[in-house]
Amino acid sequence: VTRTRKVEVEEGAALRIAEAVPVHLTETEAELYSAIYQWQLDRAEARNMPVGFIGQMPLRLAGSCLPAARDSVLGQYRSPSGEFLDPHEHDIELDNDSVPPIEVVEAARALGEVDTKFEQFVERLQSSVDQGHKVLIFSFFLPTIDYLEGRLTSEFRITSITGKVDTEERRDLMRRFRGGEFDVLLASRVASEGLDSEFCSAVVNYDLPWNPMELEQRIGRIDRFGQTAEAIHIVNFHTPGTIETDIIERVH
């Protein structure tokens with residue numbers, strides 16, 4: 001067996017143009033993240049565990065998409081009909097540390113529809129699509145993907161592939177994406193391996209994984225044999241002052 005490395009045979013490889021985009025939160029957004037962080041810190045101290053162990057997922061979701069984190073918090077305070085329940089008037093277990101405390105709920109309600117990250121993201125996405133790029137967007141979190149799909153559907157030809165989509169449907173969506181039916185594909189980690197997207201020329205990481213190899217696998221969906229673009233664009237969003245600061249430093 002002779003093993004030949006890709007770099008030894010690939011001629012005219014596309015140039016990678018990578019950009020890290022910091023998203024600076026507004027005061028209202030920062031207050032929600034801080035409230036979630038304090039909640040997770042209190043939970044960790046009560047259980048004598050590191051906050052990074054017990055609270056990593058809530059903090060990563062908040063760093064990824066504050067509106068998704070807001071909905072997760074408020075979801076535990078809603079009735080089946082969707083009405084907000086005042087915890088002081090209803091039987092909500094406030095002594096259960098898995099239930100967001102009232103300070104977190106108030107910060108979540110104060111957020112409203114503010115989303116600085118989405119505003120910066122959609123501006124860049126529109127520019128990429130206008131230039132004729134097909135764009136692959138990754139997020140670790142299903143709530144983030146659902147949120148983005150809900151907001152983008154009216155403006156872009158978009159679809160998504162997550163663990164909720166079975167194998168045959170994934171293949172069909174990729175065929176339609178390749179055929180030009182969509183300009184944008186939202187994807188979770190299930191699309192970071194095994195799905196070839198060399199017809200795309202841009203990857204957006206709405207949030208970043210801890211493992212740099214997972215990031216490389218995402219980029220590898222488009223930086224592969226068959227890529228005809230002279231340059232591929234990689235945009236990495238991150239939110240300074242959140243857990244994403246630690247993640248992007250680890251990835252680098």
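Strands S2 (135-138) and S4 (184-187) pair in the parallel sense over 4 bridges. Two strands count as paired if DSSP finds at least two bridges between them. In this pairing, Ile137 has Leu186 of S4 as its bridge partner. The model is predicted, so local features need pLDDT of at least 70 and side-chain atom pairs pLDDT 80 or more, while totals for chains, interfaces and linings use all residues. Residues are numbered from 1 along each chain as its sequence is written, and side-chain values use heavy atoms, with hydrogens and water left out.

S2 also pairs with S5, again in the parallel sense and over 4 bridges. Step back to the whole sheet. It is open, with 6 strands in the order S1-S6-S5-S2-S4-S3 and parallel pairing. Strand S1 (15-22) and strand S3 (158-161) stand at the edges with a single partner strand each, so one side of each has no neighbour in the sheet. Neighbouring strands are turned by 20° against each other on average, direction ignored. Such angles run from 0 to 180 degrees between N-to-C directions, and axes are lines fitted to C-alpha atoms, for helices over the stretch in contact. Strands of a sheet pair through backbone hydrogen bonds, either parallel or antiparallel.

Now follow S3 and S4. They run parallel and are joined by 4 bridges. Ile161 stands opposite Ala187 in S4. S3, H9 and S4 make a right-handed β-α-β unit. Right-handed means that, with the strands pointing away from the viewer, the path from the first strand over the helix to the second runs clockwise. Helix H9 (residues 167-178) lies across S2, S3 and S4, at about 145° to S3.

Look next at the two faces of S4. Val184 and Leu186 on one side and Leu185 and Ala187 on the other are all buried. Buried means under 20% relative accessible area, exposed over 50%, and partly exposed in between (1.4 Å probe, protein chains only). In a regular strand the side chains alternate between the two faces of the sheet. S5 is covered on both faces too: Ala202 and Val204 on one side, Val203 and Asn205 on the other, all buried.

S5 (residues 202-205) leads on to S6 (residues 231-238), and 4 bridges join these parallel strands. Val203 stands opposite Ile234, and Val204 stands opposite Val235. With helix H10 (residues 212-220), S5 and S6 make a right-handed β-α-β unit.

Turn to the helices. Helix H2 (residues 27-47) packs against H4 at about 175°, with axes 10 Å apart. That makes the two roughly antiparallel. The classes are simple: under 35 degrees is roughly parallel, over 145 roughly antiparallel, 65 to 115 roughly perpendicular, and the rest oblique. Tyr33, Ile36, Tyr37 and Gln40 in H2 meet Pro58, Leu59, Ala62 and Gly63 in H4. Contact means heavy atoms within 4.5 Å.

Helix H4 (residues 56-64) also packs against helix H5 (residues 66-75), at about 130° and with axes 5 Å apart. That makes H4 oblique to H5. Leu61, Ala62 and Ser64 of H4 touch Leu66, Ala68, Ala69 and Ser72 of H5.

The protein chain has 11 helices and 6 strands. Helices (H or I, at least four residues) and strands (E, at least two) are DSSP runs, numbered from the N terminus. Of its 252 residues, 46% count as buried.
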